[in-house]
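Here are a few quick notes from my pass through this one. Have a look at the structure first, then read on.

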Amino acid sequence: MKKDFYEILGITKSASAEEIKKAYRKKAIEFHPDKNPGNKEAEENFKKAAEAYEVLSDPNKKAKYDQYGHAAFDGNGGFGGGGGMNMDDIFSQFGDIFGSAFGGGFGGGQRRMKGSNLRIKVKLTLEEIAFGVEKKVKVKRKVQAPGVSFKTCGTCNGSGQVLRVTNTILGRMQTATTCPTCGGSGQSISSKPANADAQGMILEDETVSIKIPAGVVNEMQLKVTGKGNDAPGNGIPGDLIVAIEEIEHEFLKREGENLHYDLYISVAEAALGVSKEIEAVGGKVRIKLEEGIQSGKILRLKGKGIPSLNSYGNGDLLVHINVWTPKTLNKEQRQFFEKMLTDENFIPHPEKSDKSFFEKVKDMFS
């Protein structure tokens with residue numbers, strides 16, 4: 001089981017953005033590869049700290065994590081969080097947090113740029129959400145053009161950074177900033193084909209396969225690592241961010257893992273009892289209604305809802321019984337019901353076991 005992100009950074013849920021950043025910097029410096037050469041355990045802790053910081057430093061991701069836990073970001077295919085991050089990912093995204101703790105560099109090596117992310121929206125039916133699905137989508141990515149070549153940037157000598165010295169009241173201060181010539185990649189283009197842009201990129205269509213786990217929720221974002229735009233030179237590709245859009249079902253209403261279905265029956269069916277076929281994810285199911293069933297009764301079909309992302313098992317399908325009263329009557333029907341007005345059997349006699357509407361709503365959410 002994955003360790004809690006707050007526990008990894010040694011903070012509580014109430015920690016401020018600045019406290020989260022300080023906690024990550026402390027862990028990152030403690031487990032930095034330069035301080036722990038060849039130590040695989042330290043490297044894993046370094047990655048875990050980066051994964052925790054990637055989520056908790058982003059207000060939207062943090063809110064989703066607080067609500068759904070790891071399931072909000074984890075999935076098949078390396079989605080979400082920092083599970084698919086490598087060392088280059090971490091250094092390119094969070095390198096500025098280390099400051100001068102390691103001489104402004106990362107392990108003494110050249111900084112690798114990361115390409116920009118791409119974002120798409122994928123619409124899913126309730127059935128696809130219930131059972132999981134693999135979607136193939138076509139994305140237009142920026143990739144390095146064939147034949148493009150690079151040389152070491154003459155401004156920063158390949159470091160991707162330039163040192164600036166400024167005079168302050170405290171004396172001369174030296175700071176490292178991104179190289180304005182190469183944009184931090186440490187390389188500049190020496191030759192490129194005519195159809196490439198200034199960074200040596202061309203647009204290319206690519207079909208990407210996305211494995212979407214069962215139980216995702218509307219507006220949840222998944223991540224496919226490395227399927228965004230390429231970066232110049234020896235940089236690493238950005239990611240493909242996949243936003244989930246749930247298509248509303250014609251009959252079923254979703255509430256978390258539970259589903260709701262409104263079943264309308266006639267007065268005669270309510271009085272005599274009846275077998276009914278109703279909608280459910282994956283097909284229809286048949287239920288038996290007892291004689292004298294009351295309008296407002298809720299039948300719970302265990303396990304007929306949506307799978308839970310956070311735990312095992314499915315939600316339930318809640319069938320709401322609605323007795324349909326005819327709006328118009330013919331003469332014979334009217335005479336029948338007029339006789340029933342004084343019939344003792346048709347006068348309401350609710351029992352203590354017959355719960356009120358508000359009690360039923362309370363039971364649904366308890």
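1. Starting with Glu279: leaving aside residues up to four places away in sequence, Glu279 touches His249, Phe251, Leu252, Tyr261, Lys284 and Leu317. Bear in mind that this is a predicted model.

2. Glu279 sits in strand β12, which covers residues 274-280. Is Glu279 buried or exposed? Its relative accessible area is 17%, under the 20% cut-off, so Glu279 counts as buried. The side chain of Glu279 has a polar contact of 2.6 Å with the side chain of Lys284.

3. The other glutamate to check is Glu206, in strand β7 (residues 201-212). Glu206 comes out as partly exposed, with a relative accessible area of 22%. Its contacts, again not counting residues up to four places away in sequence, are Val137, Lys138, Val139, Arg141 and Lys227.

4. Which side chain makes a polar contact with the side chain of Glu206? That would be Lys227, at 2.8 Å. Glu206 and Lys227 are 21 residues apart in sequence, and their C-alpha atoms are 9.1 Å apart in space.

5. Now the helices. Helix α2 (residues 17-30) packs with helix α3 (residues 40-56) at an angle of about 165 degrees, and the axes are 9 Å apart. That angle makes α2 roughly antiparallel to α3. The crossing of α2 past α3 is left-handed.

6. As for who meets whom, α2 brings Ile20, Lys21, Tyr24, Lys27 and Ala28, while α3 brings Phe46, Ala49, Ala50, Tyr53 and Leu56. By type, the residues of this α2 and α3 contact are eight nonpolar, two charged and no polar.

Notes:
Residues numbered from 1 in each chain as written. Predicted model: local features only at pLDDT ≥ 70, side-chain atom pairs only at ≥ 80, totals over all residues. Heavy atoms only, no water. Axes fitted to C-alpha atoms, helices over the stretch in contact; angles between N-to-C directions. Helix = DSSP H or I, 4+ residues; strand = E, 2+ residues; numbered from the N terminus. Parallel < 35°, antiparallel > 145°, perpendicular 65-115°, else oblique. Left-handed = near helix turned anticlockwise from the far one by under 90°. Contact = heavy atoms within 4.5 Å. Nonpolar A, V, L, I, M, F, W, Y, C, P; charged D, E, K, R; others polar. Buried < 20%, exposed > 50% of the residue type's maximum accessible area, 1.4 Å probe, protein only. Polar contact = N/O pair within 3.5 Å; in protein donor to acceptor, adjacent residues only side chain to side chain.
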